[in-house]
Amino acid sequence: MSLKKSWELALIDLWDSLRPPSFDIMLILVATLSGILSVLEPVTTPPAVGNAVLGAVLFVTSLYLALRASSDLVNLVQTGVMPLYLTYPISRRNISLIIYLTRVLLPSIILLGIPAIVAGIMLYPVVGKNISEFLIMWIAYLIQAQLYGSIFILASNKSKSTGTAAVVSITGYFGYTATSLILALVGSIDNIKILTNIANSMGLYNPVYDILNGIRTPTWEIFVVPVIFIVLFITYVIYFTRRFEV
Amino acid sequence: MEDLIVLENVTKRYGKITALNDVSLKVKKGEIMAIVGPNGAGKSTLIKVSLGLLRKDKGTVLIFNKDPFYDPSAREKIGVIFERPSLPVSMPIIEFLSHVSKIYNKDFNTIKEVIDLVGLKGSENKAFSQLSAGQRQRAAIAHALIAEPEIIIADEPTSNLDPVERNKILDLFLKINKERDLTIIISSHVLPEVLRVSSKITIMKSGKILKVGEPDDIVKNISISRIRCKDPFTIKDVLEKNGFSLNIEGGNIYVKTEDSEKTSKLLNLISEIVKNGQQIYGIELIEPGIEEILEG
């Protein structure tokens, strides 16, 4: 019964989350981008197709999630729709999961999924060699998007201000990627292996790509992004359930 | 009668500001409880804490004997109307209500009933953003009624409406209170507006409840006479010499009387003033505001 109620609320919120035109514009953009990259990039293996296409799409998806999470979620609070959701006989935990589903998970599945399908069709001779490897790469990128998404949604919930949430989200995203780049740079210049490994592990698609291509990689690299994501996600759910006020 | 909503010694702070200060309140079944106070009195905070939208810092909040912040089933039989009607903007009303009816396990007939009841027939296929201010509030009321609630909580539901729509909406509250035996909590910063619809009034100021009682107990026999005249200052002198407390605002004289005897004396005095050649355009007896009640 509780699941049915939550499902209805998810349908209501999806209407707002995926409403045109911004989502549709992004969808056209990422689909076109993936088409162009599929033609331009000289790739010969399914994981390489994943990296070539989804790397750029992840950047666009992350920016979309950052801006939508900050503006939409804060709008929900400010226009009184979120208070309305919280008056329904649905637990706060379920509402937090619904908001995550409609504002982060589903948009990122669609925004990463459509380009993957486009690339899969256009480069079928390559992808068709091993579809499961291509899918594993796609899941790695999806989990990476969830990491960014959970930062954004946590920032929006905590700040409840469009400006602050957008600044924190964008700073968080670029801070994370910049840290990864700096660690990689310092690690390679000074030949400090652990720094290179940490930098590599900050993008889940890196160790996944290495493993799929038979490159020796420390196992822990695989767990860094999922663990950070899970911690952030649980923090978001706990915050929403116990502290969130409208 | 059973208490449907119980607040005991509730305190809510926003940083250093105490929005609710040790507030206790009980709302019984079938009552129309008006929560009245100036802006910043803590009315909205009281309502939000009662609904579990805000955490309380101290005290107990129970709706149907359950804490609404932690137990969602406490909100099962509550309909809520906010100050600014706030339904998803782009979804057609009928579709939105259809989803909401499923949340409350109600069928499509319930939607038709509430749309008829609130007078939204013919506009149900429009999106919320396409409705007028009055229609939006009606849609919000329809949404609140979908649950077939036992309690309606309305936070300043008439504040964005013109006087005609205000009266219509208040009449609608009276109607649903009588027809469905609903308990209604309605907040407002305009006391006269809720006097005629409420069965109990709570007056708040600075996060505290100052008075709770039936409208007659609250207002007692205080009335305000508004006198519109050509020369307010001459009439002011005459009234003051006869012991009336008054003030002049916008060229009108406002005289406060505490009992019917004094009101009668005032009217006789006005009659004498007119006989003496002073020009009076009109005199009206109006309900007292919050400040007059608190002073008086």
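These legends go with close-up views of a predicted model.

**View 1. Four strands of chain B make an open, antiparallel sheet.**
Reading across the sheet, the order is S11-S12-S10-S13. Going from neighbour to neighbour, the strands are turned by 20 degrees on average, direction ignored. Zoom in on S10 (residues 223-229) and S12 (residues 252-257) of chain B and you'll find an antiparallel pairing with six bridges. One spot to look for is B:Arg226, whose bridge partner in S12(B) is B:Tyr254.

**View 2. Two helices of chain B lie across that four-stranded sheet.**
Helix H8 (residues 232-241) of chain B lies across S10, S11, S12 and S13 of chain B. Its direction makes an angle of about 170 degrees with S11(B). Helix H9 (residues 260-275) of chain B lies across S10, S12 and S13 of chain B. For H9(B), the angle to S13(B) is about 175 degrees.

**View 3. A three-stranded sheet in chain B, also open and antiparallel.**
Here the order is S2-S1-S4. S2 (17-28) and S4 (58-63) of chain B are the edge strands, each pairing on one side only. From one strand to the next, the twist averages 20 degrees. On one flank, S1 (residues 3-14) of chain B and S4(B) run antiparallel and share five bridges, with B:Ile5 standing opposite B:Ile63 of S4(B). S1(B) also pairs with S2(B), again in the antiparallel sense, over eight bridges. Within that pairing, B:Leu7 has B:Leu25 of S2(B) as its bridge partner.

**View 4. The hairpin turn between S1(B) and S2(B).**
How many residues sit between the strands of this hairpin? There are two. Have a look at B:Gly15 in this hairpin: the residue takes a positive phi near 65 degrees.

**View 5. Where chain A meets chain B.**
On the chain A side, 28 residues are in contact, and they touch 29 residues of chain B. The size of an interface is often given as the accessible area lost when the parts come together. For chains A and B the buried area is about 2700 Å², with carbon and sulfur atoms giving 60% of that. Polar contacts join 15 residue pairs between chain A and chain B, counting pairs with both residues at pLDDT 80 or more. On chain A, the elements giving two or more residues to the side that touches chain B are helices H1 (2-17), H4 (81-86) and H11 (221-242). H1(A) has the largest share, with seven residues. By residue type, the chain A side splits into 14 nonpolar, six polar and eight charged.

Side chains of opposite charge can pair when their charged atoms come close. Between chain A and chain B, the salt bridge count is two.

**View 6. A salt bridge inside chain A, between A:Asp16 and A:Arg103.**
The closest N and O atoms of A:Asp16 and A:Arg103 are 3.0 Å apart. This one links distant parts of the chain: A:Asp16 belongs to helix H1 of chain A and A:Arg103 to helix H5 (residues 92-122) of chain A, 87 residues apart. Over all chains, the whole structure has 20 salt bridges.

Definitions and conventions. Residues are numbered from 1 along each chain as its sequence is written. Chains are lettered from A and ligands numbered from 1 in the order in which they are written. This is a predicted model: local features need pLDDT of at least 70, side-chain atom pairs count only at pLDDT 80 or more; totals for chains, interfaces and linings use all residues. Side-chain values use heavy atoms; hydrogens and water are left out. Two strands pair if DSSP finds at least two bridges between them. Axes are lines fitted to C-alpha atoms, for helices over the stretch in contact, and angles run from 0 to 180 degrees between N-to-C directions. Contact means heavy atoms within 4.5 Å. Buried area is the accessible area (1.4 Å probe) that two parts lose on being put together, summed over both. A salt bridge is a side-chain nitrogen of Lys or Arg within 4 Å of a carboxyl oxygen of Asp or Glu. A polar contact is a pair of N or O atoms within 3.5 Å; within protein, one must be able to donate a hydrogen and the other to accept it, and residues adjacent in sequence count only if both atoms are side-chain atoms. Ala, Val, Leu, Ile, Met, Phe, Trp, Tyr, Cys and Pro count as nonpolar, Asp, Glu, Lys and Arg as charged, and the others, Gly among them, as polar.
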